[in-house]
Amino acid sequence: MAWVIGDVHGCIKTLKALLNKIPKDDKVIFVGDLMDRGPNSKEVIQLIKENNYDCVRGNHEVAMCDVILDLLADNSLVKSSYWVNTWGGMETLKSYGNCTKEEVISDVQWLESLPYYIEYKDIKNKDGRYLVVSHSSIGDVWEMRNLDKDSFEYQDFIAQVTNNRINHPKDIKEIYNIHGHTPHKEALITDYYADADTGACYEKLGNLTAIEFPSLKTISQENIDK
């Protein structure tokens, strides 16, 4: 069985508590947005790296990798950083505050190696749809995945699959897409896609959720990092 975990956003205690509810031998997959807003982004990244869990790249991974080395090197840039002021990057900076440059570079390189989506063609539901995990909804851009990776159109594909806010994506008959990115009070589950983001880092939501595929059973953990 495969469990897909929604946006963690630095909530390490909550993540560990959720993982304790998942059978030890089951596959665990992350939808990205591992960092920012919560207090322990570095620890979340380390846990996923050390356990070799599958993970895709989200918009917060992209944003962090673009700026964190510059911000740690020059504190004067922090006040004007969009990532810090809008996306909760200050919490991530604090979690790396005592790290060496080499440690930060190692994590950045790992994050930049993450795929934008993963196909699990051997994991299918009763309708024959196989699992595809991405950070945001992939249905409306699925046909763009095989474009020339140097093309403008493929860059648009990357932008969409990491930061797509379409609530009713296109139904691609052969796949079942589990993603995160857009938080809901409970996991949003339909016949052809599911959103696992239940706002672990947010005061009014505050749950981290895993969705099992193909059963679509859910397990949630209330935020205990606050």
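**Entry 1: α1 and α2**

I began with helix α1 (residues 12-19) and helix α2 (residues 41-50), whose axes come within 9 Å and cross at roughly 30 degrees. Helices here are DSSP runs of H or I with at least four residues, strands are runs of E with at least two, and both are numbered from the N terminus. The axes are lines fitted to C-alpha atoms, for helices over the stretch in contact, and angles run from 0 to 180 degrees between N-to-C directions. I therefore noted α1 and α2 as roughly parallel; angles under 35 degrees count as roughly parallel, over 145 as roughly antiparallel, 65 to 115 as roughly perpendicular and the rest as oblique.

The model is predicted, so I kept in mind that local features need pLDDT of at least 70 and side-chain atom pairs pLDDT 80 or more, while totals for chains, interfaces and linings use all residues. Residues are numbered from 1 along each chain as its sequence is written, and side-chain values use heavy atoms, with hydrogens and water left out.

Which residues make the contact between α1 and α2? I found Ile 12, Leu 15, Lys 16 and Leu 19 on α1, and Glu 43, Val 44 and Leu 47 on α2. Contact means heavy atoms within 4.5 Å. By class, the contact of α1 with α2 has 5 nonpolar, no polar and 2 charged residues. Nonpolar covers Ala, Val, Leu, Ile, Met, Phe, Trp, Tyr, Cys and Pro; charged covers Asp, Glu, Lys and Arg; the others, Gly among them, are polar.

I then checked burial in α1: 6 of its 8 residues are buried, so the helix is largely enclosed by the rest of the structure. Buried means under 20% relative accessible area, exposed over 50%, and partly exposed in between, with a 1.4 Å probe and protein chains only. The buried residues of α1 are Ile 12, Thr 14, Leu 15, Ala 17, Leu 18 and Leu 19. They pack against β1 (2-5), β2 (27-30), α2, β9 (207-213) and β10 (218-222).

**Entry 2: α3 and α6**

Next I looked at α3 (59-73) and helix α6 (residues 101-113), whose axes come within 10 Å and cross at roughly 160 degrees. The two are therefore roughly antiparallel to each other. On α3 the contact uses Glu 61, Met 64, Cys 65, Ile 68, Leu 69 and Leu 72, and on α6 Val 104, Ile 105, Val 108, Leu 111 and Glu 112. I sorted the residues of the contact of α3 with α6 into 9 nonpolar, no polar and 2 charged.

**Entry 3: loops around α3**

Gly 58 sits in the loop between β3 (54-55) and α3, and it is buried, with a relative accessible area of 0%. Not counting residues up to four places away in sequence, Gly 58 touches Gly 32, Asp 33, His 135 and Thr 162.

I found Ser 81 in the loop between α3 and α4 (82-87). Ser 81 is buried too, at 9% relative accessible area. Its side chain reaches the backbone nitrogen of Val 84 at 3.2 Å. I took this as a polar contact, that is a pair of N or O atoms within 3.5 Å; within protein, one must be able to donate a hydrogen and the other to accept it, and residues adjacent in sequence count only if both atoms are side-chain atoms.

Where does Arg 129 lie? I placed Arg 129 in the loop between β4 (117-124) and β5 (130-134). Arg 129 is buried, with a relative accessible area of 9%. A polar atom of its side chain lies 3.1 Å from the backbone oxygen of Ile 175.

Ile 175 belongs to strand β6 (residues 175-179) and counts as buried at 2% relative accessibility. Leaving aside neighbours within four places in sequence, I listed the contacts of Ile 175 as Arg 129, Tyr 130, Val 132, Ile 138, Trp 142 and Tyr 192.

Most residues other than glycine have a negative phi, and most peptide bonds are trans. I noted a cis peptide bond joining Phe 213 and Pro 214, with omega about 20 degrees. Pro 214 is in the loop between β9 and β10, and Leu 216 lies in the loop between β9 and β10 as well. Phi of Leu 216 is near 65 degrees, a positive value, and Leu 216 is partly exposed at 22% relative accessible area.

Asn 52, in the loop between α2 and β3, has a positive phi near 55 degrees. Is Asn 52 buried or exposed? I found Asn 52 exposed, with a relative accessible area of 65%.
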